[in-house]
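Here is a quick tour for anyone meeting this structure for the first time. Have a look at the sequence and the model, then read on.

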Amino acid sequence: MALSVSDLPAIYTLLANSLSSDLNVRKPAEDALAEYESRPGFCSSLMEVITAKDLVLQTDVRLMASVYFKNSISRYWRNRRDSSGISSEEKVHLRQKLLSHLREENYQISLTLAVVISKIARIDYPREWSDLISVLAQQLQSADVLTSHRIFLILFRTLKELSTKRLTSDQRTYSEIASQFFEYSWHLWQTDVQNILHAFSALAQNASELHYDDVYLTCERWFLCSKIIRELIVSGFPSDAKSMQEVQPVKKVCPVMLNAVQSFLPHYSCFQEKHPKFWDFLKKACTKSLKILIVIQHRHPYSFGDQSVLWPVVDFCLNKITNPEPDVLSFEDFLIQCMSLMKAVLECKEYRPSLTGRVTDDNRVTFQVMKKNVCSAVASVLAALLPNERVVLLCNILIRRYFVLTTSDVEEWYQNPESFHHEQDAVLWSEKLRPCAEALYIVLFENHSQLLGPVVVSILQEAMNGCPSSVSEISPQLLLKDAAYGAAACVYYELSNYLSFKDWFNGALSIELTNDHPNMRIIHRKVALILGQWVSEIKDDTRRPVYCALIKLLQEEDLCVRLAAARSLYYHIEDANFSEQDFSDLLPICWNSCFKLVEEVQEFDSKVQVLNTISVLIARSTGVIPYANKLVQFFQKAWEESSGESLLQIQLLAALKNFVAALGYQSPICYNMLLPILQSVINVNSPDELLEDSMQLWEATLSHATSMSPQLLGYFPCLVAILEKSFDHLKVAASIIEGYIVLGGLEFLNMHASTLAKVLDLVIGNVNDRGLLSILPLVDVLVQCFPTEVPQLISTVIQKLIVICLSGDDHDPSKTAVKTTSAAILARILVMNTNYLAQLTSEPSFFTHLQQAGFSNEENILLCLVDVWLDKVDNVISTQRKTFGLALSIILTMRLPQVLDKLDQILSVCTSVILGGNEDLAEEESSSIHMQPSELHMPGKEYRRKQIKFSDPINQISLENSLRDNLQTCASLHGELFNTAMSKMHPAAFAQLKQALNMS
């Protein structure tokens, strides 16, 4: 039943009760509102509460109504299958009501209603709500400051929502809005900025006649207008990098917006104490304006590259970076945007010359030629803006001013070194001034490496000469040396052409570490970072001293230095040129230092970082066993402390996998620690994000086990629950199953026969060809190891394999591979358990299964399989060829006259296998059982897999004898018909048959 006006008091009461702090009052109200939500008229009732004049002072109730209104619109405005939704009549009413209530005084409610309008517009504009933009624009003509602010709030939200629609028709509609609405918005923006500047001048003179609230609303409206202009320029025009069409508003807006910033900045300092509200606006306005310029440059680089835009913007940013006023120097957010804009211009790929050529005598102005011409023009502007002297100046300023640690930085470091390390290391470059300066410096150096290489080396030399390694006082000279070291670390690749790492390390870096004064932590941290960054430039004769230096740094008192050393050590161990020989005697100290560091650090990121170092050290070191007990204790404690920290547990599982692999066949010594952890993570209730790493650990445990322990044997059923959820990790699951088969043997089969059958039945028929190719070899191994027990156990799987063989597209290589592998398994079953396959293919239930798969009952299934074996015999390896031959020879014993129709082909295949397959088989067998001496003493999974392959019963059966005996049986079954069929053989084929069977 639809809600009406008479329900408004009840709805108002429920909304008021939903705000109660008393759960007994709030919960029934929330439940009742949830029931009302899907009823027709609910949204209209909420809108009446929001707009009621007598409820203006009931802000909290109206705000709650607006939230329910927004949520209901999101859920029910589109027609849904499970709900009647909002009727067309009610939608018309709501759209009209929303546009009639623009002057909402409460900001939060107005913002919520603006979001509602934008969500409706995304669905209805322009088809159902074509007058939305025009009505809003018309209302602006006569609106007061508050109403116009609210309209611009709606316009911004709506334009932002519409800009995310990607269909061509939607983008065309947006372009039409931009062309119609841009000029008005831009005119209002310019008017507002003049009014704001006039008001700011009056504020600076302490004028009393100003209406502060109106001025502030005008500021906010201007701010919204700026964002609308950004949306119109960025989304209302195709990128000029693709269209090569100049976007005129870019040239119109950017210089004026820059002038506005320049006009705002002088008021920055005087407003800080006297007018904090407007000071906050100034900060927001200046930084937002530069962000808008950055976004426009990214979207329309060529229009932005015009001299009228690029020159003043880049010149302004360069001046503010290199020679800022004292007030601007403390305005870090603004300086960050100046640096970000400079970085965007310097690394813009559209401003770099294209390497594509042009056809000779081709006079057409191609797209590439147009780009080349624009690039040349931009390059000329940049070259004039950034002569060598200015580039060198910028480089010097970045290093000497912005790279230098401040007093507050040093204080923060001393108070919390761990936190300082991560803030410097992981913070986004665009959020902090120093990382932003470093990002700009790197791009500047890449663009001017030949010019700046000697400059950076000169600054480095000056800093080292001005502050010898014996100096321990935190002085400007020491902080400059730290900054110079940081500059050298950032651009190691290009700087290596101008600076010999060996000379630098021996002459300065290693000497720095001899000074153990606490203040030297500043330099020691930077040395640790340099040793990690320059890893590719460290040659053989320097590698050992560098390892020793990192181990020394890893033992220092300061956590920031030790964490930097741990990360650099990770880079060295992971490096392809890592020398275990040079590092082996440092291992004991390294392990102890890492274990101690993990215990001392508190932050999650620190633990992960050190754990990564331990993990890669385990993976790259062959001498893990002497430290196994300590590592077991470490992992035990680390796992206990990682409860609830999935990301940390992922790293621990990866490290445990490396640990198990490093222990090899001695891995059982860690089972007391390992198996409980493994059991906890392969449980179906463990977090999904741990699944991949836990399965890889499970696989590694089985791969390096010497025997199947009772605990491991009991874990197998967990695999069913995992595969029932997802086949994402099927390849690893297949390896796990194989481990259980080859290690567990008959004990495994007796304990988990039904579970194994369930797993195979779950996978086969429900995964793609790639998945089948990972699981079918397991079926083959099972039949080989347990020919009597397994076929009966997996009868439904075998039926599926028969269906695969009788269907499939042979033009698809993956389907051909699946069909061939399935055929080989069925051939093995026929050879090793002949009666079973014959019995299965004659059961009524099997024919029902075939009918469901779309096959008729008319043909004999075994004869159909014969056709597959004959067709695929050349697609398989030699062992499978022999299996096919043996299966075909058994077919000769069937009491079916159709066998004689295929006799010639069967004998031809068997002959070719006998005559041509022996050498291939011998070669395959010898290569498959080649083992290392260590494997002979450790019967692990790999050894047993090779042993199973070597002891394959197919290898022991003589195809020659089988064919001879079965030919005699065939002759006795069919008599004269057999002789007739044999007489039809080609003489050459018959001669080869006699040769194969050693018949005279």
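## A helix, some rings and a few cysteines

Let's start with helix α9, which covers residues 168-204: its 37 residues, at 1.5 Å each, should span 54 Å, and the C-alpha atoms at its ends are 50 Å apart, which agrees. (Expected span here is 1.5 Å times one less than the number of residues; helices are DSSP runs of H or I with at least four residues, strands are E runs of at least two, and both are numbered from the N terminus.) The helix α9 has a kink of about 45°, centred on Phe181; a bend is the angle between axes fitted to the seven residues ending at a residue and the seven starting there. Just after α9 comes Asn206, with a positive phi of about 60°.

A word on the source: this is a predicted model, where local features need pLDDT of at least 70 and side-chain atom pairs count only at pLDDT 80 or more, while totals for chains, interfaces and linings use all residues. Residues are numbered from 1 along each chain as its sequence is written, and side-chain values use heavy atoms, with hydrogens and water left out.

Now for the rings. There are 36 aromatic pairs in the structure. Rings of Phe, Tyr and Trp (its six-membered ring) pair if their centres lie within 6.5 Å, and planes under 30 degrees apart count as stacked, over 60 as edge-to-face and the rest as tilted. Trp413 and Phe420 make a stacked pair, 5.0 Å centre to centre with 10° between the planes. Trp591 and Tyr627 have ring centres 6.1 Å apart and planes at 45°, so this pair is tilted.

| Residue | Relative accessible area | Class |
|---|---|---|
| Trp413 | 0% | buried |
| Phe420 | 0% | buried |
| Trp591 | 1% | buried |
| Tyr627 | 18% | buried |

One aromatic cluster includes Trp186, Trp189, Phe200 and Tyr216. Lys277 lies over the face of Tyr216, 4.3 Å from the ring centre. Likewise, the charged end of Arg521 sits over the ring of Tyr414, at 4.1 Å from its centre. (The rule: NZ of Lys or CZ of Arg within 6 Å of the ring centre and within 35 degrees of the ring normal.)

Finally, the cysteines. A disulfide is a pair of cysteine sulfur atoms within 2.5 Å, and the count comes to zero. Cys594 is in no disulfide, with the nearest cysteine sulfur, that of Cys590, 4.3 Å away.

Terms used: Buried < 20%, exposed > 50% of the residue type's maximum accessible area, 1.4 Å probe, protein only.
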